[in-house]
Amino acid sequence: MQNDITVAESLTSFYDRFIEQLPGIGMGLLIIILGLLIGSWLGGFARKRLVAKTNDPLMSRFLGKAIKYTLIIIAIMLALNAAGLGAVAAGILTAAGASAVVLGSAFKDIGENFIAGIILAFSRPFDVNDTVMIGDNFGKVKALEFRYTKLKTFDGKDVYIPNGDVLTTPVTNYTEDGFFRWDFIIGIAYEDNIEGAKKTVLEALRKEPGVIEDEEHENFVIEDELATSTVNLKVFFWVDTKDFRRMALITKGNVVKNVKEALEEAGYYMPADIHEIKLYGGETEFPVRLASGKKEE
């Protein structure tokens, strides 16, 4: 009988405390709901304003999410305090700190890539659709996420590079200023006039619409090497890299073709390598047989 009275008293006491805390619990729920709504609205508002001002969707999305989740966490802590659960809020913060230490050791690489992604989002050595070389990977940037950078190579591969590697590896950006200099070698005969050949090459370059030439980007031709059977000229010319994958390569092919045809039309000879055969010892003749395409009957 005494046990029944004790249980009834406990239930009555719990009910009384619950009724006393009910306004606080209701206030806590209201704070959480308002925190969710305000956090989502402010996060979206900040993201849209940053996109409009900076034209940087990655950084804007990151800051919008950071604002949203920060406000939600603050709302949850305030709600717990309003509901009379301040000790629970303190316990959550303490547990979160301890968990951060444990998870930091267990997921070190993930944390490094996440932090590197944040740094890249603000420093921005490249933008989406830029043509870049990261280590041995060459292609267009398709996405910059918090843990990895996605490249689309020109032969169709999707490469996901950890942001930690991107941050510590030299990055070559071919698109940042919009210009890239190609070069190739062409050989003329020793008896040909070098200055005349260089002038012919430069005239051929100026006829190609895809070749760029101004005060900062000068196209030129230099004597590169006295080879076995040719004087090699090295041709340098600038192209636009905004569409590096296609137009820059097409322009290079057109230039090589136009230079070759221009030199031939101007009477310049581009010989193949000459091989010299020396006979040693007592032999004075070298037997040579010319094979005909006809079969003997």
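A residue is called buried when its relative accessible area is under 20%, exposed when it is over 50%, and partly exposed in between (1.4 Å probe, protein chains only). By this rule Tyr174, at 16% relative accessibility, counts as buried. The structure is a predicted model, in which local features need pLDDT of at least 70, side-chain atom pairs count only at pLDDT 80 or more, and totals for chains, interfaces and linings use all residues. Residues are numbered from 1 along each chain as its sequence is written, and side-chain values use heavy atoms, with hydrogens and water left out.

**The sheet**

- An open sheet is formed by 5 strands in the order 4-3-2-1-5, with antiparallel pairing; strands (E, at least two residues) and helices (H or I, at least four) are DSSP runs numbered from the N terminus, and two strands pair if DSSP finds at least two bridges between them.
- Strand 4 (158-162) and strand 5 (171-173) stand at the edges, and each has a single partner strand, so one side of each lacks a neighbour in the sheet.
- Strand 3 (residues 148-153) pairs with strand 4 in the antiparallel sense over 5 bridges.
- Within strand 4, Asp158 is the bridge partner of Lys152.

**Aromatic pairs**

- The structure holds 7 aromatic pairs; rings of Phe, Tyr and Trp (its six-membered ring) pair if their centres lie within 6.5 Å, and planes under 30 degrees apart count as stacked, over 60 as edge-to-face and the rest as tilted.
- Phe138 and Phe154 form an edge-to-face pair, with 5.1 Å centre to centre and 70° between the planes.
- Phe138 belongs to strand 2 (residues 137-144) and Phe154 to the loop between strand 3 and strand 4, so this pair ties together parts that are 16 residues apart in sequence.
- Tyr174 and Phe180 form a tilted pair, at 5.3 Å centre to centre and 55° between the planes; Phe180 is partly exposed, at 21%.
- Ring pairs link Phe138, Phe154, Tyr174, Phe180 and Trp182 into a cluster.

**Salt bridges**

- The count comes to 6 salt bridges, each being a side-chain nitrogen of Lys or Arg within 4 Å of a carboxyl oxygen of Asp or Glu.
- Asp158 and Lys152 form one of them, their closest N and O atoms being 3.2 Å apart.
- Lys198 and Glu195 form another, at 3.7 Å between the closest N and O atoms; both lie in helix 6 (residues 194-206), 3 residues apart, about one turn of the helix.
- Lys198 is buried, at 14%, whereas Glu195 is exposed, at 52%.
- A network of salt bridges links Glu195, Lys198 and Glu223.
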